[in-house]
Amino acid sequence: MLMSRAAEWLSPHVSMPPEELLSRLEVPPRKEMGDLSLPCFPLVKAWRQAPQAIAEGLAERINASGTEEIRAAAAGGYLNLFFAADHWKSDIVNRARAADYGSSGLGSGQRVVIDLSSPNIAKPFGVGHLRSTMIGNALANLYRACGYEVVTVNHLGDWGTQFGKLISAYRRWGSGEALRKEPIRESLRLYVKFHEEAEREPALEEEGREAFAQLERGDPEALRLWRFFVDESSKEFRRVYERLGVGFDHWTGESFYNDKIADVVNELEKLSLLEEDDGARIVRLEERGMPPCLILKKDGSTIYAVRDLATALYRRNVLGADTILYVVGAEQSLHFQQVFAVLDKMGHAWSAECRHVPFGLMTMNGKKMSTRKGKVVFLEEVLDEAVQRARQIIDEKNPELPDKERVSQAVGVGAIVFGDLKHHRQLSVDFDLEDAVSFDGETGPYVQYAYARICALLRRGRFEELRGKHAVNGAHLASEEAWECLKTLDRFEPIIREAVAENEPFLVARFLLDLAQSFNRFYNAGRILGGDADEAEIASKLGLASAVASTLKRGLGLLGIEAPEEM
Ligand code: ARG
């Protein structure tokens with residue numbers, strides 16, 4: 001970062017810590033006044049001199065220090081600084097080429113647990129879960145890049161009354177063979193049938209409730225069926241995660257906390273927080289302007305909220321979380337506010353470090369994904385279609401490409417992921433598959449394509465050979481467009497920090513679009529290869545190109561997107 005590097009560099013001359021300088025440095029209104037300036041008026045008291053005298057003294061000291069990086073001049077009580085652009089240009093290029101460019105130690109010593117994806121067993125992996133998976137995975141990568149220790153948890157929805165319904169539906173109409181073949185479709189069929197039949201035969205609801213009660217009591221046959229559902233659905237989920245390139249440190253679903261719930265209930269009891277309400281047990285939250293949090297149902301069965309209380313305690317006490325992020329749709333905001341409020345009432349001040357990271361709804365070409373009526377768009381179908389479209393474009397654009405299948409996968413999946421991550425997460429978006437897969441416009445394939453084109457340029461210009469002979473020289477990057485591109489490149493690290501501070505991966509997606517566009521402007525402003533440029537000049541320009549390429553690749557990687565070298 002130009003500004004912070006300047007602040008660090010200036011610090012000893014002004015005897016002021018860099019952080020303080022950073023807040024004092026200003027960008028002057030006119031170019032002639034330099035690239036940055038330091039107003040000296042606030043120093044008058046401490047330095048016992050007039051502002052102009054302070055500025056002159058500093059300028060003299062800096063110019064005499066023999067540095068070539070910055071030249072200083074005093075004017076009207078300001079210390080104006082002029083960067084020796086050539087020096088800073090090569091500096092930016094060299095830093096950006098490092099494999100870990102953009103990383104920092106911001107979060108070192110801090111452990112973040114991220115709850116992400118968390119689909120429900122026996123139900124399709126919906127768009128909400130896709131969003132949670134992609135946003136959560138990007139956040140995990142971004143936090144890691146900032147030096148945090150990250151633990152990711154897939155909080156599978158593998159417990160709850162719906163399993164009672166499923167068990168009784170399976171006992172009535174199910175077959176092991178059908179379930180093994182297509183676990184989620186078959187579960188869904190049973191689930192839908194259960195609801196249809198229950199409308200005619202209300203006693204079914206009672207049967208479902210009883211089956212869940214058997215489960216909670218640990219009935220072996222019910223448990224065996226439940227295990228079977230969980231295992232089969234998980235296989236299908238794993239296939240999706242593999243395609244998306246996402247992994248988890250823990251696959252601990254809601255059932256994992258079954259034996260930890262009694263302690264929570266006892267603790268709530270001991271603290272006199274539990275109240276009876278029409279047979280159910282609740283914690284009142286009126287004083288916080290919220291409806292009560294239901295802890296146990298009338299029949300004593302556990303619900304989602306109490307499982308989340310046990311989960312939070314486990315993450316704090318066993319996993320050692322300093323911060324817990326819950327990447328879950330905005331429709332669950334009240335649930336999380338209630339859970340955090342109950343934790344706070346239990347005396348856990350760390351509940352302030354529990355954060356719901358909500359996101360908006362997404363529809364696919366106008367279609368909602370819902371499970372109730374069994375009318376669903378399956379994520380795998382969406383992925384397949386995106387891959388197929390990517391394949392069509394590649395067949396047209398580059399019929400000779402080797403490894404078309406693998407590249408189409410990377411582009412199709414990348415299109416979906418980028419299309420999801422390029423918006424403020426809270427916005428609801430309608431996803432248009434055709435737009436998302438296009439190689440032009442604000443898309444993942446556009447960024448991937450920019451990367452592949454730079455790789456081709458570097459091969460054509462034999463950059464690997466040239467770089468050994470010539471170091472990057474800023475004087476060869478003299479165009480206005482080169483400077484704009486360099487300044488964009490320079491923003492990568494602060495963008496990552498900001499994305500982490502706001503839990504907004506879209507900042508990185510936008511940055512990648514900006515970077516690809518600003519490189520294209522540089523590229524179009526004057527030819528790099530051919531013409532009458534000498535080798536050293538070509539090497540410098542390709543040096544910038546390679547820095548942009550590696551930053552695009554690194555940025556896509558942080559978002560969970562592959563960057564094929566040819567496409
Ligand atoms: N399985 C839930 C759902 O699909 C999401 C779980 C989110 N995580 C949590 N700790 N509550 O709605």
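1. UniProt positions follow the numbering used here, with feature names shortened, and the annotations may be inferred rather than shown by experiment. With that in mind, an unreviewed UniProt entry assigns "domain: DALR anticodon binding" to residues 447-567. In this predicted model, that stretch is 72% helix and 0% strand, where helices (H or I, at least four residues) and strands (E, at least two) are DSSP runs numbered from the N terminus. The end C-alpha atoms of residues 447-567 are 12 Å apart.

2. **Ground rules.** The model is predicted, so local features need pLDDT of at least 70 and side-chain atom pairs count only at pLDDT 80 or more, while totals for chains, interfaces and linings use all residues. Residues are numbered from 1 along each chain as its sequence is written, and side-chain values use heavy atoms, with hydrogens and water left out.

3. **The whole chain.** The protein has 23 helices and 12 strands. Its C-alpha atoms fill a box of roughly 90 × 65 × 35 Å along the principal axes. Of its 567 residues, 53% count as buried (under 20% relative accessible area; exposed is over 50% and partly exposed in between, with a 1.4 Å probe and protein chains only).

4. **Around the ligand.** You will find Asp115, Ser118, Asn120, His129, His155, Tyr304, Asp308, Tyr326, Val328, Gln332 and Phe336 around the ligand, each with a heavy atom within 4 Å of it. By class, this shell holds four nonpolar, five polar and two charged residues. In that scheme Ala, Val, Leu, Ile, Met, Phe, Trp, Tyr, Cys and Pro are nonpolar, Asp, Glu, Lys and Arg are charged, and the others, Gly among them, are polar.

5. **Phe336.** This member of the ligand shell lies in helix α14, residues 333-345. Phe336 is buried, at 2% relative accessible area. Its C-alpha atom is 9.9 Å from that of Val357, a residue 21 positions away in sequence.

6. UniProt lists residues 119-129 as "short sequence motif: 'HIGH' region", from an unreviewed entry. The span is 27% helix and 0% strand, with its end C-alpha atoms 6 Å apart. Ala122 belongs to the loop between β4 (111-115) and α6 (127-145) and is buried, with 6% relative accessible area. The C-alpha atoms of Ala122 and Leu190 are 9.6 Å apart, although 68 residues separate the two along the chain. Gly128, in helix α6, is partly exposed at 36%. Between Gly128 and Leu361 the C-alpha distance is 7.0 Å, across 233 residues of sequence.

7. **Helix α18.** Does the length of this helix, residues 444-460, agree or disagree with the 1.5 Å a residue expectation? It agrees: its 17 residues should span 24 Å, and the end C-alpha atoms are 24 Å apart (the expected span being 1.5 Å times one less than the number of residues). The helix is mostly covered, with 12 of its 17 residues buried. Among them are Tyr446, Val447, Tyr451, Ile454, Cys455 and Leu458.

8. **Two positive phi values.** Most residues other than glycine have a negative phi. Here, Ser15 has phi near 40°; Ser15 sits in the loop between α1 (2-14) and α2 (18-24) and is exposed, at 62% relative accessible area. Arg462 has phi near 50°. Arg462 is placed in the loop between α18 and α19 (463-469), and at 56% relative accessibility Arg462 counts as exposed.
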